[in-house]
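Here's a quick briefing to read with the structure open beside you.

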Amino acid sequence: MKFLCVLFAIVCAVAAQEYYVELVDDGYPEWYLEPQMRVRRDLTVDQKVGENGKVFGTLGANDDGLFGKGGYEHQFFDDNRGKLTGQATGTRVLGPLGDSSHFGGGLNWENSNAAASLDVSKQIHGPTSWSAAGGGKWPVGKNGDISLQGTYDQISGRRPDYGGRAVYNYNW
């Protein structure tokens, strides 16, 4: 039985080496025989709105389908309390394998010692997910610092995922 498998493998290898494809010139022009790559067409908008806002978006198409993304970003404050920004987005994709729509938003806060974020997204006729993260770094004495971080992620219908980390650094 092993002999037959080895013989079959050798015959396949020899046959593969002897197989050549000859192209027949039928008189067609080269641009007709070779398909051209479609050029990606996009329309992008990035417009400032007011003092602290920005509207952004992209509409485009490629061989995989049509897509669009749009949103609004706003900076609420940037002072001694830190910097707080928010964003709301939406996407729509149309393709040969189906389509999808998503929308979501997030808040991000940061200052010189700490940062935190909250993101929420929803797929139309699909799950909702949200994630929160926070962390900070504070000096301890002359040569040391301590940092604390934590995360929490949740997708509807699944168990939550969370994590934490604490570190003490001392520079000799």
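## Salt bridges and a surface patch

At 46% relative accessibility, D99 falls in the partly exposed class, because that class lies between 20% and 50%. Keep in mind that you're looking at a predicted model. There are four salt bridges in the structure, and D99 takes part in one of them, with R92 as its partner. There's also a nonpolar patch on the surface.

**The D99 pair**
- The closest N and O atoms of D99 and R92 sit 2.7 Å apart.
- R92 is partly exposed too, because its relative accessibility comes to 37%.
- As a rule, side chains of opposite charge can pair when their charged atoms come close.

**The K54 pair**
- K54 and D46 meet through their side chains in another salt bridge, at 4.0 Å from N to O.
- D46 has 53% relative accessibility, so D46 counts as exposed.
- K54 is at 32%, so this lysine counts as partly exposed.

**The K137 pair**
- K137 pairs with D145 through a side-chain salt bridge, and the N to O distance is 3.9 Å.
- Which side of this pair is buried? That's D145, with a relative accessible area of 14%.
- K137 is partly exposed, with a relative accessible area of 46%.

**Around S147**
- S147 belongs to strand β8.
- With 13% relative accessibility, S147 counts as buried, because the cut-off for buried is under 20%.
- Leaving out residues up to four places away in sequence, S147 touches G136, K137, R165, A166 and V167.
- One of those contacts, K137, is the lysine that bridges to D145.

**The nonpolar patch**
- Which residues form the nonpolar patch on the surface? They're W138, V140, I146, L148, Y168, Y170 and W172, and together they have about 800 Å² of accessible area.
- Strands β7 (128–140), β8 (144–155) and β9 (161–170) are the elements that give two or more residues to the patch.
- Y170, one of the patch residues, is found in strand β9.
- Y170 has 40% relative accessibility, so this tyrosine counts as partly exposed.
- Strand β8 gives residues to the patch, and β8 is also where you'll find the buried S147.

Methods: Residues numbered from 1 in each chain as written. Predicted model: local features only at pLDDT ≥ 70, side-chain atom pairs only at ≥ 80, totals over all residues. Heavy atoms only, no water. Patch = residues over 30% accessible without salt bridge, like charges linked within 9 Å, V, L, I, M, F, W, Y side chains within 5 Å. Areas by Shrake-Rupley, 256 points an atom, 1.4 Å probe, with all protein chains shown as cover. Helix = DSSP H or I, 4+ residues; strand = E, 2+ residues; numbered from the N terminus. Buried < 20%, exposed > 50% of the residue type's maximum accessible area, 1.4 Å probe, protein only. Contact = heavy atoms within 4.5 Å.
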